[in-house]
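Open the model in your viewer and keep the selection tool at hand. The tour makes two stops.

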Amino acid sequence: MNTDEERYLCLLSHTFPTIADAAGEIINLEAILNLPKGTEHFLADIHGEHEAFIHVLKNASGNIKRKVSEIFGTTIREAEKKELCTLIYYPEQKLELIKAVEQDLDDWYHITIHQLVKVCREVSSKYTRSKVRKSLPEEFSYIIEELLHERPDDQDKAAYVAVIVDTIISTGRADDFIIAICNVIHRLAIDQLHILGDIYDRGPGAHIIMDTLRQYHSWDIQWGNHDMLWMGASAGNDACICNVLRLSLRYANLATLEEGYGINLVPLATFALDTYGNDPCTEFIPKLLKGTSMDVKTLQLTAKMHKAISVIQFKLEAAIFHRRPEWNMEDRCLLEYIDFEHQTCTIDGKAYAMKSCHFPTIDPKNPSAMTEEETLLMQRLHHSFRVSEKLRKHIRTILSHGCMYNICNQNLLFHASIPLNADGSLKSVEILGQKYAGRELMSYIGQLVRAAFQNDTPTDLKQYAKDYFLYLWCGKDSPLFDKSKMATFERYFLEDKETYKEEKGNYFLLRDSSDVCDRILDAFGIQGPNRHIINGHVPVHASKGENPIKAGGRLMVIDGGFSEAYHSETGIAGYTLVYHSRGFQLVQHEPFTSTEDAIMQGTDIKSTTQIVEMSTHRMLVADTDKGQELKAQISDLKKLLYAYRHGMITEKRN
């Protein structure tokens, strides 16, 4: 035994001070290795659709409904199964409805509690008692544990179980117990949640999603381009702040800004009315989603605010592009290419007609210069973002739970792309004079993002890191964008739709190739026959026959358009991927109506499950990354056991 190994085993002996302690832990860990693998749940591109997101968490992408059907089969009616599922999803709200109509409430309590215990027993079956115990609410921990492990068909314990249920009801705790056990079912139905980016923008409840995740038991996130925009805004990048505001105004979605984070938009509204009061701002009329209404006056004000912040955005972006010429993005300073006299804009040497050319805040001699009023407005908006404690808290949560990529159980997770050359090889991207590709690129970007939030980061590096949020949002070689350009200016101001085209990067052109996917997986050090890439970002057009499973099963794209803004485009309302002990299942969802409908009518998200890949054997904890960790711990404990038994280390008996 060398010195380092001896020192390590001495430290380990403090945790396991006797032979009995070490042997007991080995027995425990060996047993855990032979439990079924926990269920992983993958979601991408939620885009503020908090009701659909929360419902998918509650129903575990249909997993709970499937288990209810398996458990009860034909012993209860379909309507009763539906009622039971709705109760599990929304126990507080459903209880109120049931109590208003149920004539024999005690009888209903008896039946329902026994049913819920059966479901809870099923979803807890793949976990150790210790793990289940940690998931239980303190006030009902003992009672639930007893009910889970004592079956009423055991004649010796039937009266015991019956008395427990009777007492729960007679003491007036039935409602609280039902709510508690339903929450335990939610907790155990999903072992690990993976968010593949883009919590923010478009939908109204990104802040609600973040509040939900902050309370969630186990999750990680691979940052998306829209998340990065909000991270940049929180870090103080004014161009990112403008983009965040512009997107919110574009979809008439101000709830996240105003109600969620307390961002004061009055200065922007005042400035927009003063500056664009006589401008109809036709190109900036917001896109109203289904069920959203807005009176004419508010619609016009929103359009003016939309135009005001967009013009400021283009100016602030130009300042960063000029400050960072190595990004090769100065050709995107399009305000500087406008011919105000002829009302055209020159792109790649060709002049294009503009839809309108009313820019009261632009000096044709210095188009990207901010006016005094715009500068003052941005100072106020900057302050509002920086002092939002809730935004800061949510961004800290995203930083602590995520990065640019994750490797979990032979699966490579990232939001959008890995920059590639035309031949499918990894593309080198230069950052601060150094070139990075593949895993090194993603890792360094993760470090750079965090540097923007660290107080001890050198000033120059911190400024670069703050600027880099904009590149990650719209830079050609950004792994979160990976297109030739972001044609925001063109869509707003130019007539010719040919200018709207954004050429996709090589990753999106080559990702159907299993060889290319294998090359990427090799570069990230992922081995084995059942390895995969899982990402989102680009909606899969299911209505046009596009398949989310690509490269012969190597790649799974799970952005099916969670956001309502994409429903007409994709024909569905998103995918979720479930990876349980028997393999992968891809769940295709139809649009979610509302939480109210789900509670009142028992409507669930209609979902279609597609078997992606089934394992030849039921996967155990031993087959996972966690299993490898446990095997290493067992090996260390066996060394400690050997050291105890051969007198190399002395047991620490009391």
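Buried means under 20% relative accessible area, exposed over 50%, and partly exposed in between (1.4 Å probe, protein chains only). Helices (H or I, at least four residues) and strands (E, at least two) are DSSP runs, numbered from the N terminus. The model is predicted: local features need pLDDT of at least 70, side-chain atom pairs count only at pLDDT 80 or more, and totals for chains, interfaces and linings use all residues. Residues are numbered from 1 along each chain as its sequence is written, and side-chain values use heavy atoms, with hydrogens and water left out.

**Stop one: helix H1**

Select residues 3-15. This is H1, with 13 residues. Now colour Leu9, Leu12 and Ser13, which are buried. They sit on the same side of H1 because they cover an arc of only 105° around the axis (the arc of the directions from the helix axis to the C-beta atoms).

Which exposed residues does the face of H1 turned away from its buried side carry? Select Thr3, Asp4, Leu11 and His14.

Next, show asparagine 2. It caps the N-terminal end of H1, with a side-chain oxygen 3.3 Å from the backbone nitrogen of aspartate 4.

**Stop two: lysine 485**

Go to the loop between helix H21 (459-474) and helix H22 (488-493) and select lysine 485. Is lysine 485 buried or exposed? Lysine 485 counts as buried because its relative accessibility is 15%.

Show its contacts (heavy atoms within 4.5 Å). Leaving aside neighbours within four places in sequence, lysine 485 touches Arg332, Glu490, Thr499, Lys501 and Glu502. Zoom in on threonine 499: its backbone oxygen lies 2.8 Å from a polar atom of the lysine 485 side chain.

Conventions. Expected span 1.5 Å × (residues − 1). Polar contact = N/O pair within 3.5 Å; in protein donor to acceptor, adjacent residues only side chain to side chain.
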